[in-house]
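Here are my notes on the model you sent over. Have it open while you read.

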Amino acid sequence: MPQGSVRRAAGALALFVAAGALGSLPLSSAYADPAPTNVTVNTRAGLATVADTALGVNHAIWDSQLGTNAVSDLLGAAGVGMLRYPGGSYADIYHWQTHTAPGGYVAPNTDFDTFMAGAQRVGAQPMIIANYGTGTAQEAAEWVRYANITKGYHANWWTIGNENYGNGHYGTAWEADDHADKSPKQYAQEVVAYAQAMKAVDPNIKIGAVLTTPANWPDGLVGAGDAGTWNQVVLSIAGPSIDFVDLHWYPGGGSEADSLTKPAQIDDIMYVVKDQIAKYAGAGSSRIGISLTELNVGVGQNTQPGALFLAETYSKMIENGVFTVDWWNVHNGMGNVSTIGGQTDYNDFGMLSSGNCNTDGTVCEPPLNTPFAPYYALKLMHSFIRPGDQLIRAGTDNALVTAHAARRANGDLTVLLLNADPAASHSVKIAYEGYTPSATAPVVETFLNGAAGITSAQSGSAAAQTLAPYSLTVLTLHPATSTSGAPKAPGRPSVSAVTDRTATLTWPASQNGVKYEVYRQVGARSEQLGETTSTSFTAGNLTPGTRYTVNVVARDGSGRASWSSPPLTFLTGSPATSTCSVHFTDTSDWGSGYVGNIDITNTGTAAINNWTLTFTWPTPWQSLGSGWNGTWTQTGATVRVTPADFNTNLAPGATASVGFVGNYNGPNIFPAAFTLNGNACTVS
């Protein structure tokens, strides 16, 4: 949970009712943008399938409204499928058998049975945090026994601890931890012990381990005596014993506009996490899921930035296969009051009003349980995606307008459109690839800045809509023709024999008598790599050191196309042989930058004089700080280094060592492709 949330929570404990109301912000047609935004919705570029736990929130034992019918009914109406308990850092001081949290506050009627009764009324599954900081594996095992054997709650999801990297091992401490050894190794070994004890009671439960989110503290740091970063050590030891990993994300931002740029990092965040799991968690690591059980926006927690951030972050995380995204939290309490987008923001991390006032009583929140803007965004997400829907790639040509889309088993398509421009409306033109919508006007659901609810009407067309300033809009479309009889979607592809230029893709068959089309995702569009009647295809003409995301579509003899397969992402390698080789190492990392060392070796038979080494940053969050043993420059995302006076010439077999400081303010992905005088080098 964010620093300061526990203190703010203390102000919400009584949950006082206060006067207040949300107003509406009138819109002006003068804001209309004459240049339409182009939106592309691409059914060939399939993403993840929506889990029944996808939409989640946090419940906390210091919240006296936990499990009440009023709150449960609000959460149920928003489609909440997962409720996390007993609440952030409190989990590491909470003892479920005595319903106590030494050093913290426990509100009346917030015990486990009350929580479960509320969860059942909501229709949500529980995500339970076992006490790692001050508890034991046996205590956690007894909780499993009570929940699933004694009470029959079928509580399947259990995380071991909360933010246990915040136990002081890296110099900052907010998480309770009674273990003498606070290293990631100790945590990982205890996770194994917890998993064994808990699964001995109920082998069907799922156990999660806490990881750090890429580009968020202490990502990249290696503690004294550790064999690697927190994630590397935890996955290497606990990987075979866990079923999922758990992330938290509070990206911050200096302004509401800055905060709303942060979700653009999510694709790279998830790529790094999945790569770490594959690299460190051992055999069978593909079974390990990913949860995001805490997040909130940096600015505008109760107003439209919070709503826009929630919708964008939930969408992108679920697109990347996260099985639950859980907002922090249901109630939290007032912070510093400000005006955001013309609306009063209480700096309250809760989704519903706590109804309390500031210390002198001059400013009060709206009445208890009044929904804040993020609640309506969550409710709109429930209209946008349902369990079993397949998210598909969508995109725009306007940085202030984002788009997401999903397809349903009945052939319907939903499109989520977000306008992050606080001052201007934007008209959009929507093009569909692989889908023809009905000419009937779509159902349009909208949440406007300052509104006290979601409006719904059948208006506009599938091809054109106008988005009000600071708004969230969901379109529900029907297909022009029936989709019955279309082939089944192929299974997720796997990749083998990856080289610098080729990769062999294989997938489970859809059905007999179909042709398979293989597509690469290029932004929101698809580029067809080829087609085949078999269940294997070798893609050629690939680019070294490049990330590819591919899908497979089955088409029958009548031309009917299946849903897209789940996506596969892979990275091409470097040439097996070349006249140059590069050995890249990250020699030190401090969480916002690192020292990279590059050894350049002439593996050819002729001398190389006046060389130039070139590479491209894999993400827009990276930049060159400084360099040595050569002249370093950066143009756009491309970095070049030319030799110093003492290493200009490379004889056959000779090596030149150069180094640089790389800065990053998002997920840090190391360069994977290098060229020397235009020739691709072998990379190790």
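1. Ground rules. Residues are numbered from 1 along each chain as its sequence is written, and this is a predicted model, in which local features need pLDDT of at least 70 and side-chain atom pairs count only at pLDDT 80 or more, while totals for chains, interfaces and linings use all residues. Side-chain values use heavy atoms, with hydrogens and water left out.

2. The open sheet. Five strands line up as E31-E35-E28-E27-E38, with mixed pairing. Strand E31 (622-628) and strand E38 (682-683) are at the edges with a single partner strand each, so one side of each has no neighbour in the sheet. E27 (residues 580-589) and E38 run parallel, joined by 2 bridges, and Val-582 stands opposite Val-683 in E38.

3. Around E33. Strand E33 (residues 638-643) runs antiparallel to strand E30 (residues 613-616), with 4 bridges; Leu-613 stands opposite Val-641 there. E33 is also antiparallel to E32 (residues 630-635), through 6 bridges. E32 and E33 make a hairpin with 2 residues between them, and Gly-636 in the turn has a positive phi of about 60°. Thr-635 stands opposite Thr-638 in E33.

4. Aromatic pairs. Rings of Phe, Tyr and Trp (its six-membered ring) pair if their centres lie within 6.5 Å; planes under 30 degrees apart count as stacked, over 60 as edge-to-face and the rest as tilted. By that rule there are 44 aromatic pairs. How do the rings of Phe-615 and Trp-617 pair? Their centres are 5.3 Å apart and their planes at 85°, so the pair is edge-to-face. Phe-615 is buried at 2% relative accessible area, and Trp-617 is buried at 4% (buried means under 20%, exposed over 50%, partly exposed in between, with a 1.4 Å probe and protein chains only).

5. A charge over a ring. The charged end of Arg-547 sits over the ring of Tyr-271, 3.9 Å from its centre. The rule is NZ of Lys or CZ of Arg within 6 Å of the ring centre and within 35 degrees of the ring normal.

6. An aromatic cluster. One cluster includes Tyr-85, Trp-96, Phe-112 and Trp-158.

Terms used. Pairing = 2+ DSSP bridges.
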